[in-house]
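This report describes a protein chain from its fold down to single residue pairs. Please keep the sequence and the 3D view side by side while reading.

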Amino acid sequence: MKYLFFIERLLYLNQEGTCKGEGSLTRASQLQEKTGEKSGLHANVEQSLLITEIMNHVADMQKRIQAEGEDEERRWMMTNTSDVVVIDFLKEATVLMLHVVDAIGESEPVNGVTISKRFGIPRGSVSKITRRLAEQGIIQAESLPDNKKEVLFRLTPTGRQIFMLHQMLHAHIDGNVREFLGQYDLDQIRFLARCMKDMAEASWVRLEEDKVEPEEGKEITELSNGTIESTWKTEELSDILVMLRQLDAKGLRKAKELIRIAFFDN
């Protein structure tokens, strides 16, 4: 029933749009006006559907990374070594512990201050982690002959195995990401690169004074050819967009299919 009501609202809006026009317009002009309004509606509804779908996918990715990412990486490393000591360590190791092992392996001998700055880990946490790693035989600590307070860390042979295994994991993931992105053509890759760069630089919590308000009753849309088109924005369209934002990914896919059937498969 929810989807039937949704499609009825869309059909009503479409019929309302077809009634607009001045009596003095020719039949050809009326058809052109109707087509333009209809196209504007389709573009705005589809854009809202796709944006909501993207946001849902991002949320799903975050949940999966938080729930499975660390365990998947741990399983891969354990599968790719036969060293019992290394496997036992990986069963209990945290992400921060592996980061500290990486920092030491890349810069040994290295002190705690450098490790802290490299990964943004509080110095107190670095001290606790390095103490624990030393107790487990993963790293070894040594003091400078002329400065007993300065402690430098090196990897032990077991620590070196863990470091190399973690580097192998990074190379494996990097190859898989490149293979995945290789399915897209050059223009799509350029768009993804631009989109990721813009997202990294964007602030999602903007202050009210930073927002650019469109003209009343209009929404400004940038077209692919670089021109700017003013499209009408109605109360009915706003109501539909509110309903779309309440749907999950499955509901959005069904709504999109209903829109296609109602307006594009004529």
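## Terms and basis

A residue is called buried when its relative accessible area is under 20%, exposed when over 50%, and partly exposed in between (1.4 Å probe, protein chains only). D174, at 39% relative accessibility, thus counts as partly exposed.

This is a predicted model, in which local features need pLDDT of at least 70 and side-chain atom pairs count only at pLDDT 80 or more, while totals for chains, interfaces and linings use all residues. Residues are numbered from 1 along each chain as its sequence is written, and side-chain values use heavy atoms, with hydrogens and water left out.

## Overall composition

The protein chain contains 10 helices and five strands. These are DSSP runs numbered from the N terminus, with helices being H or I of at least four residues and strands being E of at least two. Of the 266 residues in the protein chain, 27% are buried.

The accessible surface of the protein chain is about 18700 Å², and carbon and sulfur atoms account for 54% of that. Accessible areas come from the Shrake-Rupley method with a 1.4 Å probe, and for residues only the protein chains shown count as cover. Among contacts (heavy atoms within 4.5 Å) between residues at least 6 apart in sequence, 59% join residues at least 24 apart.

Three strands form an open sheet in the order 1-3-2, with antiparallel pairing. Strand 1 and strand 2 (139–144) are at the edges and have a single partner strand each, so one side of each lacks a neighbour in the sheet. Two strands count as paired if DSSP finds at least two bridges between them; strand 1 and strand 3 pair in the antiparallel sense over two bridges. N111 has L152 in strand 3 as its bridge partner.

Helix 4 lies across strand 1, strand 2 and strand 3, and runs at about 100 degrees to strand 3. Axes here are lines fitted to C-alpha atoms, for helices over the stretch in contact, and angles run from 0 to 180 degrees between N-to-C directions.

Which residues of helix 5 are buried? They are G112, I115 and S116. These residues cover an arc of only 100 degrees around the axis, which puts them on the same side of helix 5. The arc is that of the directions from the helix axis to the C-beta atoms.

The cover over the buried residues of helix 5 includes helix 4, strand 1 (110–111), helix 6 (123–135) and strand 3 (147–155). Just after helix 5, G120 has a positive phi of about 65 degrees.

## Salt bridges

The structure holds eight salt bridges, each a side-chain nitrogen of Lys or Arg within 4 Å of a carboxyl oxygen of Asp or Glu. One of them joins R118 and E106, at 2.2 Å from N to O. R118 belongs to helix 5 (residues 112–119) and E106 to helix 4 (residues 95–107), so this pair ties together parts 12 residues apart in sequence. R118 is partly exposed at 47% relative accessible area, and E106 is partly exposed at 41%.

Two further pairs each lie within a helix. D174 bridges to R178, with the closest N and O atoms 3.0 Å apart; both are in helix 7 (residues 157–181), four residues apart, about one turn of the helix. R178 is exposed, at 60%. E201 and K197 meet at 3.1 Å, N to O, and both lie in helix 8 (residues 186–201), four residues apart. E201 is exposed, at 55%.
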